[in-house]
Amino acid sequence: MTQRAYNFSAGPAVLPEPVLAEVQRDLMALPSDKASILEISHRGKTFKEIIAAAEANLRKLLQIPDSYAVLFLQGGSRLQFSMVPMNLLDEGHPSADYVLTGSWSKNSLKEGQKLGDMRIIWDGGDDNYTRLPADAELQVDPRAAYLHYCCNETIHGVQFRSEPASGDVPLVCDASSDFLYKPIPIERYGIVYACAQKNSGPAGVTIVVIRKDLLERSRDNLPSYLNYKVQAEAGSLMNTAPTFAIYVVRMVTDWLLNEIGGLEKMYAQNQKKAKMLYDVLDASDGFYAGHAQPECRSVMNVVFRLPSDELTKKFVAEAAEHDLTNLGGHRSVGGVRASIYNAMPVAGVETLRDFMIRFRDANAK
Ligand code: PMP
């Protein structure tokens with residue numbers, strides 16, 4: 001079998017090895033069906049059990065009460081940029097508020113603006129998206145349909161430590177790149193959505209947790225697939241669900257519960273991993289310059305620059321020779337990005353840390 005590298009891809013990203021091993025073992029035939037997960041009906045007993053178990057695991061991990069629905073949808077997080085305004089705007093709430101903290105919140109605003117007269121209540125663009133707003137900087141319109149924000153900006157590497165205050169306005173969160181990295185107070189949210197391909201599974205499914213009273217805002221004239229209420233009533237099985245992706249989400253959430261021991265433990269491990277890398281940045285005399293201000297640093301995506309583009313290229317190439325892969329920063333910001341999601345083992349981050357120290361010692365003037 002091909003040797004696996006430590007893969008720091010921003011997404012689709014590393015999955016827990018025990019999950020990959022189980023997928024491989026059962027891919028030819030599930031014991032219950034003597035057929036592959038790829039070959040069975042989304043309406044059969046086995047798949048119904050799989051999707052119910054995935055939902056139950058998510059409810060347990062995040063302590064999601066019955067007053068919220070959990071949906072498994074397609075179209076990625078990008079479709080949520082449109083589904084949120086399509087479903088939540090109405091005559092009484094014709095506009096929504098957006099907090100811009102990086103590329104992803106800007107992308108969500110762009111889609112929202114096609115559907116409503118959105119208000120930008122904070123924009124970190126002048127600081128090149130290196131910091132996040134304090135609550136005192138956010139003046140939320142009490143009539144807004146919702147307040148949208150992105151809790152972890154995958155490209156800029158800034159991450160909220162807590163939920164922004166939104167008063168009675170439903171808080172909508174793009175949690176694509178840090179979903180399940182720690183416990184969250186779910187009752188603070190109207191909607192949390194996250195594509196699976198970073199922290200909870202493969203590409204192909206997006207998890208939407210929505211407060212049930214908000215389902216009443218979905219109008220009947222929306223296309224059925226794009227209507228949260230229709231999706232909730234159908235248990236995400238209005239059409240053929242992404243069965244394989246949901247199956248893997250079920251296994252990743254099993255892993256979080258049974259092998260990691262829940263989200264508090266996951267969070268402790270994630271903080272430990274991130275600290276290892278940020279400590280190298282801080283001790284490097286400016287050789288590695290972090291993008292985010294220290295108090296806004298992401299625990300999931302560690303983004304930094306080297307003194308020159310040549311050194312950045314050399315760093316990424318030499319790291320790959322040591323089986324530390326996919327460390328190039330996003331094309332829009334350059335530099336280096338180490339995505340250290342839940343499934344990145346501590347040993348992978350230790351190996352990267354040691355490489356960074358050796359590289360600096362060999363290349364700093
Ligand atoms: N939001 C964030 C924070 C992301 O990181 C991404 C993907 N990188 C998206 C949205 C878009 O997700 P998708 O490609 O599943 O539409």
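Author: Two strands are taken to pair if DSSP finds at least two bridges between them. On that basis the predicted model holds an open sheet of seven strands with mixed pairing, in the order S2-S10-S9-S8-S5-S3-S4. S2 and strand S4 (119–123) stand at the edges and each has a single partner strand, so one side of each is left without a neighbour in the sheet. On average, neighbouring strands of this sheet are turned by 15° against each other, with direction ignored.

The edge strand S2 spans residues 68–73, and although it has a single partner strand, it is mostly covered, with six of its six residues buried. In a regular strand the side chains alternate between the two faces of the sheet. In S2, Tyr-68, Val-70 and Phe-72 point one way, while Ala-69, Leu-71 and Leu-73 point the other way, and all of these are buried. A residue counts as buried when its relative accessible area is under 20%.

Strand S10 (residues 206–211) runs antiparallel to S2, and six bridges join the two; within this pairing, Phe-72 stands opposite Ile-207 of S10. S10 also pairs with strand S9 (residues 191–195), again in the antiparallel sense, over five bridges, and there Thr-206 of S10 is the bridge partner of Cys-195.

Of the 23 residues that line the largest pocket, Arg-78, Trp-104, Ile-155, Lys-198 and His-330 lie nearest its centre. Helix H3 (76–88) and helix H4 (103–112) each supply at least two residues of this lining, and H4 provides the largest share, five residues. By class, the lining of the largest pocket divides into six nonpolar, ten polar and seven charged residues.

The second largest pocket holds about 250 Å³ of space. It is lined by 16 residues, and those closest to its centre are Glu-22, Tyr-247, Arg-250, Met-251 and Asp-254. Helix H1 (17–26), helix H2 (45–62) and helix H6 (243–260) are the elements that give two or more residues to this lining, with H6 giving the most, seven residues. The lining of the second largest pocket has seven nonpolar, three polar and six charged residues.

Terms used
Residues numbered from 1 in each chain as written. Predicted model: local features only at pLDDT ≥ 70, side-chain atom pairs only at ≥ 80, totals over all residues. Heavy atoms only, no water. Buried < 20%, exposed > 50% of the residue type's maximum accessible area, 1.4 Å probe, protein only. Helix = DSSP H or I, 4+ residues; strand = E, 2+ residues; numbered from the N terminus. 1 Å grid on protein atoms, 1.4 Å probe; cavity = no way out; pocket = protein on both sides within 12 Å on 5 of 7 lines; lining within 4 Å. Nonpolar A, V, L, I, M, F, W, Y, C, P; charged D, E, K, R; others polar. Points joined across faces, edges and corners; volume = space filled by probe spheres on them. Axes fitted to C-alpha atoms, helices over the stretch in contact; angles between N-to-C directions.
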